[in-house]
Amino acid sequence: FLGLQPLYWHQGDGILLVATSAIALARSGKFQATFNPAAWGTLLHYGTTFLNTAYCHEIQRVPAAVTATWHAAEGRLSTEEAPWWPSVDPNLTLECFDTGPVIDAFRAEVEAYRGWYPNPTLLLSGGGDSRLVLALLSEKGCEEALTVRFVDALWSSNVRFARYLGKHFVSRHHWVEADRNFFSSREYWDFLRLHEMSAPAVGLFIPNLFPAVRRHGASAYWDGLMPGIHAFPVVTGDNEDLHAFISRVTQKSETAHVQMAALVFRRPQDIFDGYQSELQRVKQHYANDREEIGRFFVQNRTRNRVSKMPLQVTNAYGAALIPGVSKAVFASILALPVKHRQYHSLYHVIFERHFRKLLACPIISRGEFRTSAHTSAGWRVFASAASAYKNSFVRRGLNRVLPAATQFFHPSKLVDRVVATIDPEHPDLNPDVVRNLQNVQKERWVDTYAKQYLFYWKTWRDMMDCKASTSDAGLFD
């Protein structure tokens, strides 16, 4: 009903092709993928595509909640959509909100999954999403968990909290060391292809789950990446409507790095015009109020970017089990106005009422700590100190006696190496700008950003043209 599971189709010349990946459609040989400037403009401004748009004109994401009929004699497709989203009860507050049906719905999903996979591995972090899954599992026992270990600027809080949870609530807790050179590795290159450029990044931590899952080799994984898409919605301002939210979270076309990135293409104005057209189109699907922000986020960013990590990448090596995305859970949670679900408020009410022991250590999310009356004194002191460390004045003082926290991942070497292999005369590209980027001596921030955008394009273009992996071209040390 949300269309989170990746599914794509191509219609043309009396044929209909359907596949769970865009690459599979391209490999059919039935069409030549042509550059879609509107999709690339949306990627540049918002970090993913809107609605069902894909990076080429010939492929679309299959709409959510659609019934499709292929009329073979006529060689055409007809569709009927039945979009579903629960209504909000404006009178509900956290104090009167009954969390029982929410937990019952979560439990029903967990038990349904367990019927197929008796002992999946939990992907455990120090955040709230995986902790909620752990709380549900701990009622009957969590047999196995997996955590990726890395150093962060908050004194490795995420790892510390995961270690505590594993010690007290998991029978077997496994650790995989994150690779500081991951974004220059063959595994990252594989990730980009498997993920089909849905979340391009050369520094985002989440892709590090991919090699951990691949090496661990379990048959199924409890994925803690998505249960919070409704329980812990994207943070909004008190009086922020949807259009104001979109304006805040999208990059402005007039900024220097966005302008420079668009110039790598032969017709940069098409990038900007296409984005504006897509933006106006997507706005027509939603009312301009605060409650619509969550629906916009789930149906666009979660669906087209976030969900593909478990459902396309993790699923390639072990079934991704995601409690919390059923209609029953959505209907229960989204009746509560968004102002009562932000900042882990609903999470804490759920934990307070049903799983207090899981609040013994803080929750960390997006660099912020959340404690409760059940958090131990030691963890409270730790969270306060780590939060204070974020302040630059405190950090400068502490750095006199403590090692300075550094960026964990080394910069990717792949960007420059891949950009160097690009033919500047490709029809999609602006040859003069590409050559300048290939030969730049003193790189500015805007050049770095444009190179990354060009790197994403090259990765995508090779996939769509079904070229052999560029991994044979000396990209790796």
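Which residues of α5 are buried? The panels below treat this helix and other parts of the chain in turn.

The model is predicted, with local features requiring pLDDT of at least 70, side-chain atom pairs counted only at pLDDT 80 or more, and totals for chains, interfaces and linings using all residues. Residues are numbered from 1 along each chain as its sequence is written, and side-chain values use heavy atoms, with hydrogens and water left out.

Panel A. Helix α5 spans residues 157–169; helices (H or I, at least four residues) and strands (E, at least two) are DSSP runs numbered from the N terminus. Its 13 residues reach 18 Å from the first C-alpha to the last, close to the 18 Å expected at 1.5 Å a residue, where the expected span is 1.5 Å times one less than the number of residues. Ser 157, Asn 158, Val 159, Phe 161, Ala 162, Leu 165, Gly 166 and Phe 169 of α5 are buried. Buried denotes under 20% relative accessible area, exposed over 50%, and partly exposed in between (1.4 Å probe, protein chains only).

**Panel B. The largest nonpolar core.** A nonpolar core is a set of buried Ala, Val, Leu, Ile, Met, Phe, Trp, Tyr and Cys residues joined through side-chain atoms within 4.5 Å. The largest such core has 72 residues, of which Trp 40, Trp 460 and Met 464 touch the most other members. Helix α20 (residues 445–464) is the main contributor to this core, giving eleven residues. Contacts here are heavy atoms within 4.5 Å. Apart from residues up to four places away in sequence, Trp 460 touches Phe 35, Trp 40, Tyr 55, Cys 56, Met 197 and Asp 428. A second, separate core holds 60 residues, including Ala 231, Val 329, Phe 330 and Cys 361.

**Panel C. Aromatic pairs.** Rings of Phe, Tyr and Trp (its six-membered ring) pair if their centres lie within 6.5 Å; planes under 30 degrees apart count as stacked, over 60 as edge-to-face and the rest as tilted. The count by this rule is 31 aromatic pairs. The ring centres of Trp 40 and Tyr 453 are 5.9 Å apart and the planes stand at 70°, so this pair is edge-to-face. Because Trp 40 belongs to helix α2 (residues 37–46) and Tyr 453 to helix α20, the pair ties together parts that are 413 residues apart in sequence. Trp 40 is buried at 0% relative accessibility, and Tyr 453 is buried at 4%. The rings of Phe 191 and Phe 210 likewise form a pair, with centres 5.9 Å apart and planes at 50°, and it is therefore tilted. This pair links helix α6 (residues 186–195), which holds Phe 191, to helix α7 (residues 209–216), which holds Phe 210, the two residues being 19 apart. Phe 191 is buried with a relative accessible area of 2%, and Phe 210 is buried at 2% relative accessibility. Ring pairs also link Phe 35, Trp 40, Tyr 55, Phe 265, Tyr 453 and Trp 460 into a cluster.

**Panel D. The three-stranded sheet.** An open sheet of three strands has the order β2-β1-β3, with antiparallel pairing; strands count as paired if DSSP finds at least two bridges between them. Strands β2 (15–19) and β3 (60–61) stand at the edges with a single partner strand each, so one side of each lacks a neighbour in the sheet. Five bridges join β1 to β2, and Gly 12 stands opposite Ile 15 in β2. The hairpin formed by β1 and β2 has two residues between the strands, and Asp 13 in the turn has a positive phi of about 55°. Strand β1 (residues 8–12) is joined to β3 by two bridges, and Trp 9 has Gln 60 in β3 as its bridge partner.

**Panel E. Arginines over aromatic rings.** A charge sits over a ring if NZ of Lys or CZ of Arg is within 6 Å of the ring centre and within 35 degrees of the ring normal. Arg 61 lies over the face of Tyr 8, at 5.8 Å from the ring centre. The charged end of Arg 163 sits over the ring of Trp 175, at 5.4 Å from its centre.

Panel F. Phe 355 is found in the loop between α15 (345–354) and β11 (363–365), and is buried at 4% relative accessibility. Phe 355 and Leu 132 are 223 residues apart in sequence and 8.8 Å apart in space, C-alpha to C-alpha. Beyond its neighbours within four places in sequence, Phe 355 has contacts that include Ile 103, Arg 107, Leu 132 and Glu 139.
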